[in-house]
Amino acid sequence: MVVPESQEKMYDPPNNLQRDAHVPDFDSYQAMYRKSLEDPEAFWKEIADEFFWKKPATGPMLQYNFDVSKGNIYVKCMEGAKTNMCYNVLDRHVREGNLGEKVAYYWEGNSPGHHATITYRQLLSHVCRCANVLKQMGVKKGDRVSIYLPMIPELIYAMLACARIGAVHSIVFAGFSSESLSERIMDAQSSVLITADGVYRGEKLINLKHISDEALEKCREKESCSVTTCLVVKHHSMRTISGTSCNKLQISWDSQRDVWWDEAMADSPEECEPEWLDAEDPLFILYTSGSTGKPKGVMHTVAGYLLYTSLTFKYVFDHHLDDVYWCTADIGWITGHSYIAYGPLANGATSVLFEGIPVHPHVGRFWEIIEKYKVSKFYTAPTAIRLLMKYGREPVQKYDLSSLRILGTVGEPINAEAWQWYYEAVGHGRCPVVDTYWQTETGGHVLTPLPAATPLKPGSATFPFFGVEPSILSEHGEELAGEAEGYLVFRRPWPGIMRTVYKNHERFENTYFKKFPGFYVTGDGVRRDKDGYYWITGRIDDMLNVSGHLMSTAEVEGALSLHPAVSEAAVVSRPHKVKGESLYCFVTLKNSIDFNKTLEDELKKLVREKIGPIATPDFIQNAPALPKTRSGKIMRRILRNIARNERDVGDLSTLADPKVVEELFSERSEAAA
Ligand code: WTA
């Protein structure tokens, strides 16, 4: 059996990247990092000087209280300053930076024939027209606008239009159900909903207008519906099918409420004075995925988020103006907010905006797009890498990927095998892989390598970004020094950290600050190795305690994934009479490999070898597919139900494919019966 390189192998940054890098070596990183902690005022002031402030700050760059025993939790950045996000990411480039003709986005549709190019000047014009439309509809500073759109340019226009007039956008991923959409509209009390008639995702036609109607109906059933206007984009792919609206797409229309986007925009003026906002005014709310309980409206504010997303983008992707950058996330998630919209635009970057999916119309679509636009920086999720790995190297080798310089991942721990494949098959060993750890709550990257400076260890998010001070706490709240494993917390804020849970500051304090007073608690486990590298071990609630030993599901998953037959693994806890908890493992096998006893034994042996006998899986079952949310996160709650044979699995509405659950019950491990 071939086991890929050990996780501890180090990869030095390639020389070619270091020549013009913003942070050329590890010493420079350390010096800048020290400065960011020792003199945050000077550090952030220098960053702020690059942006436009209608009025300068009267307060310090950062003020905060992280200790519940000393009063309310708060973070303030640049109190007294007035600015506008949209002005900084568009007007500043067009008016002052000579970037008007630079491409902001290459839009690539679901079908390869659909594409568009949008320059910064054009983007500004669309955004101003949309801003005027919203104003006409009565939207004012502080009002909420819900946006339920696919990955089309109008999504960018709409969010920036909100930012321009000081409205607070609440983007809901257009794969969410009408139930989830209605819940988010009701919590935000939005006055306008922006949606589209429909969209093709791969081969599948999704009637977004119908889902939106249902959601608004649900709001009305529960309480009076706050939405008075529904602005509807006529999707390009619908138009090409029938000339007007797609025949297959039956949509209903409420003429009191519904307005076609094109008609509203047609004679809307191209000039719109930005609303000058306070630094701490809200920019947006984004609801975090509902894997546990009611979704939380994570709130970010103008100045801090601007500084932090622009700085992380510049350094983590070592951005230069001639780059073509592509982040494959959906704007409905924080990754899209920070690293498709705000961070790249603040830097005047040229990005690919991709509407489709990695396997449509063929499994080489990602690689084809990289070749087409000569993408130099590519950012995706481990789940996408593992999906594409299943098809082997041949679809990758068909395309010229020599433009690539940096690869990035986000969203979950990346197992060594996927890292290796990404590094070799996609990056040809020339491109560092920046494994960026962060959360909706953190606004931007908090643990991450810098591509030309940080020697990499596959699977480690390496070191903290500037201004970020991590600490590891034991169950009892003691700070652990040196090599250690425990709770990942942060002892001070950086400008881009969330400010509150919308309309529920108490929930904000309880969720993130109560357990360990004085610290922001991420909810993730982490290990620091002898070289000071941080390794995210998975959510703390996914920690297992087997015979008194704390271990992480991610660690066991990483070991299982090293087996050449395994494409993906997920491990949950199952109660055990003697050991307290036992390990129940789900493995998805690569195409056409059968699950059998020999394989099961090999897998157990592998985990024993990689982690130790204590981590030997008690049960391993075949999983044709894993239950995932639409953003690709494995829903462990459901896996725990299956492991325990608890048929009442509760709410499945956030699952991408609920059928998976029944399949897994029927495949349950015999030993566990
Ligand atoms: C996980 C996504 C390991 C982590 C930006 C975190 C990661 C949660 C990584 C946040 C990474 C994200 N390595 N785990 N590089 N990145 N996570 O809010 O558990 O959708 O708490 O933000 O994803 O997910 P969210």
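## Strand pairing and the ligand shell

Strands S14 (residues 282-287) and S15 pair in the antiparallel sense over five bridges. Some ground rules: this is a predicted model, where local features need pLDDT of at least 70, side-chain atom pairs count only at pLDDT 80 or more, and totals for chains, interfaces and linings use all residues. Residues are numbered from 1 along each chain as its sequence is written, and side-chain values use heavy atoms, with hydrogens and water left out. Strands here are DSSP runs (E, at least two residues), as are helices (H or I, at least four), numbered from the N terminus; two strands pair if DSSP finds at least two bridges between them.

Back to S15. Val-298 of this strand sits opposite Leu-286, and Val-298 also has Val-501 in S23 as a bridge partner. S15 and S23 (residues 500-501) run antiparallel and are joined by two bridges. Why is S15 (residues 297-301) largely enclosed by the rest of the structure? Because five of its five residues are buried, that is, under 20% relative accessible area (1.4 Å probe, protein chains only). Gly-297, Met-299 and Thr-301 point one way, Val-298 and His-300 the other.

Next, another sheet. S24 (residues 520-528) pairs with S25 over five bridges, and Gly-525 has Gly-538 in S25 as its bridge partner.

On to the ligand. There are 16 residues around it, with Asp-435, Thr-436, Thr-440, Asp-524 and Arg-539 coming nearest; a residue counts as near if one of its heavy atoms lies within 4 Å. By class, this shell has six nonpolar, five polar and five charged residues; nonpolar means Ala, Val, Leu, Ile, Met, Phe, Trp, Tyr, Cys and Pro, charged means Asp, Glu, Lys and Arg, and the others, Gly among them, are polar. Here are some polar contacts (pairs of N or O atoms within 3.5 Å):

| Residue | Protein atom | Ligand atom | Distance |
|---|---|---|---|
| Thr-440 | polar side-chain atom | oxygen | 2.6 Å |
| Gln-439 | side-chain N or O atom | oxygen | 2.9 Å |
| Pro-413 | polar backbone atom | nitrogen | 3.4 Å |

The elements giving two or more residues to the shell are helix H12 (334-346), strand S20 (433-436) and strand S25 (534-539).

Definitions and conventions: A polar contact is a pair of N or O atoms within 3.5 Å; within protein, one must be able to donate a hydrogen and the other to accept it, and residues adjacent in sequence count only if both atoms are side-chain atoms. Buried means under 20% relative accessible area, exposed over 50%, partly exposed in between (1.4 Å probe, protein chains only).
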